[in-house]
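Colleague: Could we go through this model together? I would like to begin with packing and then turn to the interface.

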Amino acid sequence: MSITVRFKFARKGPVRYLGHLDMLRYFQKAVMRSGIPAKYTEGFHPHQIMSFAYPLGVAMETEGDYMDLELTEEIPAEELSRALNDVMNEGIWICGAARLPEKALNAMASVAAADYEIHVDGTDTEKLRGILMTAVVNMMQEKILLLGKPQEEATSSADHRKKGGKKEKKAKDIRPGILSLTVDDQEPVIKMRLLSGSALNVRPADVFSLLAERVTEDTITASRIVRKEIYGERNGEYVPLLCLGADA
Amino acid sequence: MDFSERKLALSHEILMQVEKPSQYTGGELNSVMKKADQVKVRFAMCFPDIYEIGMSHLGMQILYGLMNTYEDVWCERVFSPWKDLDAIMRRDHIPLFALESQDPVKGFDFLGMTLQYEMCYANILQVLDLAGIAFHAEDREEDDPIVIGGGPCVYNTEPIAEFFDMFYIGEGEVMYRRLFDLYEECKEKGISRHDFLRRAAQIEGIYVPSLYDVEYKEDGTLKSMLPKYDDIPVKVRKVLVQDMDGSFYPEKPVVPFIRAAQDRAVLEVQRGCIRGCRFCQAGQIYKPVRERSVDTLMKHAEAILQNTGYEEISLSSLSTSDHSGLKQLLEELIGECNRRKINISLPSLRIDAFSLDVMNKVQDVKKNSLTFAPEAGSQRMRNVINKGLTQDDILNGATLAFKGGWNKVKLYFMLGLPFEQEEDVRAIAELCNEIAKVYYETVPKDQRNGRVQITASSSFFVPKPFTAFQWAPMDTMEHFLDKASLCKRSVREQLNQKSITYHYHEAGTTIIEGIFARGDRRVAAAIEWAYRDGALFDAWTEQFSYERWIKAFEECGVDYENYIFRERGEDELFPWDYVDCGVRKEWLLNEWRRARAEVTTSNCRDKCSGCGCASYQCGICVKKR
Ligand code: B12
Ligand code: SF4
Ligand code: SF4
């Protein structure tokens with residue numbers, strides 16, 4: 001019987017500039033320090049059996065990312081969270097943990113959608129909000145939202161042959177992947193829920209750039225993107241990944 | 001304290017444009033935050049190379065940890081920004097900052113630089129330049145940081161002397177407290193920079209270059225180097241830790257987020273080396289050998305693993321095989337590491353039954369290679385350089401290893417050693433061939449895991465101060481390359497040539513390193529010229545330009561050949577003779593003569609050869625043999 005625990009974590013502040021592999025290394029060391037009874041692989045270079053739901057891009061903040069870890073003994077979830085939080089450093093913390101049911105999918109395979117907030121730079125809050133609202137409304141009325149330029153496609157089909165079967169990126173319609181798109185009612189913050197499955201995976205930065213193209217009166221920039229939550233699907237509903245562990 | 005809102009010196013836009021942005025944002029585990037207004041001394045400790053190299057330096061972790069135990073001192077870290085950020089900082093006028101507070105270095109009390117390797121000299125100027133500090137100590141303002149250098153390159157400070165206010169000769173653990181006390185006293189009393197430096201020069205181990213007058217003879221050699229004042233010492237004596245068990249060791253080292261060159265816990269088992277190989281500077285300047293006890297080492301190991309979460313630990317020292325408690329240490333450490341699921345990365349141990357047994361326990365024989373460093377191919381040359389490793393040692397070691405399942409061997413050699421003949425170069429190829437032969441003789445055909453793989457590499461020899469070869473001429477570029485191609489040809493002539501791969505290092509870097517190693521104050525102008533012409537990160541082969549450096553010497557009228565290509569006279573005064581590192585010049589001269597006569601000298605464990613370090617009254621010099 002394997003014991004897998006799912007941890008929900010957050011990161012904010014300067015540590016957001018870590019890449020995904022560095023986060024992985026960070027967590028491996030943290031688990032080591034915490035004394036949690038992690039399970040190890042056999043061989044000369046034993047390592048923990050750890051996996052992440054969704055790689056965190058450089059600079060992205062999160063309030064709801066997930067990491068699965070195999071253990072050798074059953075330990076109450078709160079104790080595990082506490083043990084890890086005791087050895088964390090600035091800007092990374094555990095927000096919750098849950099034992100996974102025996103046959104649960106791993107975190108990465110469970111990902112179906114995610115919520116994001118994009119904080120638009122600027123001081124004139126009301127003006128910015130107005131601009132954003134207009135752009136959001138216009139954009140959501142469009143039936144097709146193409147990402148990537150069609151001309152590029154033409155030139156890349158030549159490379160395509162040269163590179164021997166390696167598929168070049170085609171312009172794709174991401175409209176079906178935008179489940180919701182709104183503007184916060186106080187701050188110049190864009191909120192969205194995006195599909196993150198294997199069939200269609202939409203990145204918040206792409207949505208932002210499409211939105212920015214539709215803002216004509218100004219150039220807008222955003223230096224903070226926050227992942228708020230990652231969802232899996234259960235009976236046609238989106239449920240936070242931690243819940244998939246808790247009561248399934 | 002909540003660090004997550006810690007301010008950053010670089011904007012989001014800039015961080016997104018540079019490689020590995022988190023090398024500039026600090027905040028790593030075990031990094032130390034203090035309140036700037038609650039300390040009296042702010043120290044910026046700089047490793048003038050990129051973060052991944054600098055964060056692998058144990059010496060910096062030691063000094064960082066030690067200084068931060070002082071309540072009145074805050075030590076922070078600084079590294080060379082990589083070229084992408086360097087360009088942005090110049091364009092946007094962003095001053096160089098320390099990682100912890102992200103404050104500009106210019107506002108600090110001290111800027112310390114560790115000088116590990118000569119090819120970082122251009123980076124020293126980059127650091128000063130980006131920090132907005134004048135290159136020349138004499139041009140600095142009253143409240144600029146005191147720029148202080150330390151590390152192995154201080155055993156010839158002269159080519160970079162003008163760029164530093166002071167150097168610290170020896171091990172940082174010893175004198176820092178006294179230096180800070182003096183600094184605080186001077187600051188309180190409003191004593192000037194100049195007078196502080198003059199007082200500091202009276203602390204043992206501290207050298208203030210501006211307080212010495214230097215004169216040269218007509219032939220370009222040094223005539224005299226004398227203190228300007230009576231209270232300044234003629235010779236600066238190296239300071240060192242006498243009791244390694246009692247000295248500070250960083251049990252909470254800073255753990256980088258990004259992968260550093262050494263991504264593991266480091267246990268320094270001893271300092272110094274008992275073997276006086278005649279080409280080796282480290283062997284002399286870290287003398288005498290001082291061990292840490294197994295108990296102390298185990299205590300440090302457990303604490304470090306607990307405090308860092310590293311998954312690997314390695315033993316570090318110049319010659320770990322010589323530690324008298326190695327057997328016990330490895331036994332205990334392997335036990336502890338198995339319990340914690342931690343890998344042990346072994347340094348290159350001398351190959352014998354014991355080390356093979358240990359390696360067998362901790363690594364995958366099939367994947368790992370054995371390392372030998374005979375440094376020279378022939379026994380005659382090994383006698384010249386006093387390398388106490390015989391052909392039998394190597395072949396016996398290889399036999400044992402091949403029986404144990406290894407089939408990869410790495411060998412390190414040097415070309416251009418003093419008194420080297422063609423047959424010595426050929427002997428390198430022959431030795432490789434012998435090893436291959438041993439493999440085919442010991443391992444029956446059906447048990448072979450393919451061909452034996454022998455990788456030989458050679459670097460070119462650079463004579464260094466405080467070695468027996470400080471008098472020796474260096475080979476020219478043509479000689480180096482001739483020898484390398486002779487070696488290559490000889491390898492091709494061997495019966496087992498298909499099992500042997502041979503590489504040689506870049507020769508251009510070697511020549512420049514040679515000039516810095518034994519140059520004098522006149523070299524500084526060329527360093528400045530080359531830096532202004534774009535020299536930076538010269539330790540990185542693809543960044544290094546030989547032509548630029550040669551042009552720099554020519555433009556600045558530096559007779560660089562005079563530093564490297566001539567044999568130096570026995571009574572010549574050297575630019576580094578003002579340093580007393582314990583090893584006497586007469587002893588080194590005697591070693592130089594013995595090298596010529598191909599006579600070896602015993603190592604410190606077998607028999608003291610009276611080098612002079614016994615005056616420190618510690619370590620092996622006072623141990624009963
Ligand atoms: C770890 C290590 C590395 C690591 C990390 C970088 C580094 N330099 O530490 C890596 C693998 C990246 C590395 C790379 C290289 N290394 Co290296 N490395 C070492 C090693 C094994 C340990 C260094 C160490 O931590 N020593 C222990 C500490 C305690 O000693 P310390 O550094 O001297 O520090 C003490 C004092 O000097 C003083 N001090 C030091 N700095 C300062 C600064 C101030 C301000 C003050 C006041 C005092 C002070 O206080 C410290 C505490 O006592 C040494 C060999 C050795 N065992 O010493 C070689 C050594 C430093 N490396 C060496 C070389 C040649 C290289 C490379 C060029 C190899 C190559 N061909 O690529 C590169 C160069 C990279 C670079 N820019 O330095 C040579 C340098 C020879 C020389 N000066 O000419 C050494 C001495 C090895 C040798 N036997 O020749 N190296
Ligand atoms: S064994 Fe020889 S080369 Fe190695 S550190 Fe000692 S003296 Fe130097
Ligand atoms: S005095 Fe003797 S034992 Fe001590 S370092 Fe010198 S040679 Fe070795």
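Predicted model: local features only at pLDDT ≥ 70, side-chain atom pairs only at ≥ 80, totals over all residues.

Colleague: Which residues have the most contacts inside the largest nonpolar core?

Modeller: They are A:Phe27, B:Phe196, B:Phe469 and B:Phe553, in a core of 289 residues.

Colleague: And which helix gives the largest share of this core?

Modeller: Helix H14 of chain B, residues 422-442, provides that share, with 9 residues.

Colleague: Turning to the interface, how much area do chain A and chain B bury between them?

Modeller: The two chains bury about 2,600 Å², and 60% of that lies on carbon and sulfur atoms. Chain A contributes 28 residues to the contact and chain B contributes 36 residues.

Colleague: How many salt bridges are there between chain A and chain B?

Modeller: The count is 3. A:Arg25 and B:Asp263 form a salt bridge through their side chains, at 2.6 Å from N to O.

Colleague: Which element gives the most to the side of chain A that touches chain B?

Modeller: That is H1(A), with 7 residues. Helix H1 (20-34) and strand E10 (222-234) of chain A each supply at least two residues there.

Colleague: What is the make-up of that side by class?

Modeller: The side of chain A that touches chain B has 13 nonpolar, 7 polar and 8 charged residues.

Methods:
Residues numbered from 1 in each chain as written. Chains lettered and ligands numbered in written order. Heavy atoms only, no water. Contact = heavy atoms within 4.5 Å. Buried area = accessible area lost by both parts, 1.4 Å probe. Salt bridge = Lys/Arg side-chain N within 4 Å of Asp/Glu carboxyl O. Helix = DSSP H or I, 4+ residues; strand = E, 2+ residues; numbered from the N terminus. Nonpolar A, V, L, I, M, F, W, Y, C, P; charged D, E, K, R; others polar. Core = buried A, V, L, I, M, F, W, Y, C linked by side-chain atoms within 4.5 Å. Buried < 20%, exposed > 50% of the residue type's maximum accessible area, 1.4 Å probe, protein only.
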